[in-house]
Every structure is written in C-alpha cells, then in structure tokens.
Amino acid sequence: HLPRDIPPLTGIRGLAALSVLGFHLHVLLGPLPVFARGFLGVDLFFVLSGFLLAWLAAGDPGWRPAGFYRRRLLRVLPPLYVQMVLLGLVAAAGAAWLVPWTGFTAWMLQFTLAFHIGSDALQPAVGPWWSIPVELGFYALFPLALAGLRRSPVATVLAVAGMVLAYRAWMVQQ
C-alpha cells in the first residue's frame with residue numbers, strides 16, 4: 001500500500017509525458033513556445049519513475065533483484081521485439097517508405113539495443129526506442145543505488161546525480 005503523498009507524483013509524471021507530447025507538436029507543427037523545452041519532461045519522467053520504483057522497493061522487505069529484473073524485462077522487451085518483428089516484416093514486404101529500413105544488419109543490431117556504441121550512433125527504426133537502453137541501464141544499476149540509499153541516502157543521491165549529468169554530457173557530445 002502506497003503512502004498518500006505518492007499519487008501526486010504519478011500526476012506529475014503525466015504532466016511530464018504531456019510536455020514531451022507538446023514538444024513533438026512544437027517540432028512538427030511549428031512554433032509553440034510553451035512547449036519549446038518540453039523535451040525536459042523526459043528527464044522528469046525518468047527521475048520520477050526511478051524514484052517511484054525505489055520508493056516501492058525500499059518499502060518492501062522481501063524485495064529481490066531477480067524478481068525486479070524479471071518483471072521489468074517482461075514489461076519492456078516483449079512489446080519491443082514484437083514491434084520490431086512486425087515492422088521488419090512490413091519493410092521486407094516492400095513498404096520501406098513506412099519503416100526507415102537501413103538494411104538487415106542495422107535492423108539486427110537494434111535487437112542488441114546498443115544504439116550509441118561506436119562513432120556513429122545507430123538511429124532506432126522507431127524514435128522512442130532510444131529510451132530502452134537508458135531504461136535497461138537504470139535497471140542494471142538500480143539494485144546498487146537501492147543498497148546505497150539504504151546505507152547513505154545523501155551520498156547515493158549525489159552519486160546518481162553525478163552519473164546522470166555525466167551521461168547527459170556524453171550524449172550531448174555524440
């Protein structure tokens with residue numbers, strides 16, 4: 001059972017998602033100044049999602065990394081791979097105009113989710129797929145962060161913030 005102060009965070013996550021939608025409308029339809037910085041909603045959404053996962057895990061004395069990984073991977077990967085297979089079939093059937101087909105090798109590399117390895121970033125066939133490796137990276141580090149939060153919350157928050165800023169700086173340079 002969640003404490004009463006968590007539901008507003010879910011509402012803020014909804015506003016973050018709407019700001020990202022607004023940003024895409026700003027890019028696609030023309031200037032909508034109120035949404036010019038809507039891309040920051042992605043950061044807010046990720047941070048709040050991570051916080052909510054940590055909050056739930058910290059409150060569960062029976063929390064185990066194996067169960068966490070199983071639930072998260074089953075939530076993320078099957079829909080991704082079903083979509084990839086369907087879009088691959090569409091492209092193979094000749095509708096490459098609908099699906100950005102850059103060749104079979106690039107398509108297969110996307111199954112590894114290693115979009116940013118090497119000097120040339122692999123552009124995902126579907127734009128939002130860029131977030132999957134970020135999400136999986138978070139899942140990989142989450143048990144360490146949770147253990148740190150239980151031992152030294154301030155140091156852990158500072159370390160995680162530093163990692164996020166370093167990752168953001170690296171992404172900007174790519």
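A residue is called buried when its relative accessible area is under 20%, exposed when it is over 50%, and partly exposed in between, using a 1.4 Å probe and the protein chains only. The model on your screen is predicted, so local features need a pLDDT of at least 70 and side-chain atom pairs count only at pLDDT 80 or more, while totals for chains, interfaces and linings use all residues. Residues are numbered from 1 along each chain as its sequence is written, and side-chain values use heavy atoms, with hydrogens and water left out.

Next, show the surface: the chain exposes about 11,600 Å², of which carbon and sulfur atoms supply 73%, with areas from the Shrake-Rupley method and a 1.4 Å probe, and for residues only the protein chains shown count as cover. Of the 174 residues, 29% count as buried.

Now select Arg75 and Glu135, and show their side chains, which meet in a salt bridge at 3.6 Å, N to O; the term means a side-chain nitrogen of Lys or Arg within 4 Å of a carboxyl oxygen of Asp or Glu. Arg75 lies in helix α3 (residues 65-92) and Glu135 in helix α5 (residues 131-151), so the pair ties together parts that are 60 residues apart in sequence. Arg75 is exposed, at 51% relative accessible area, whereas Glu135 is buried, at 18%.

Methods: Helix = DSSP H or I, 4+ residues; strand = E, 2+ residues; numbered from the N terminus.
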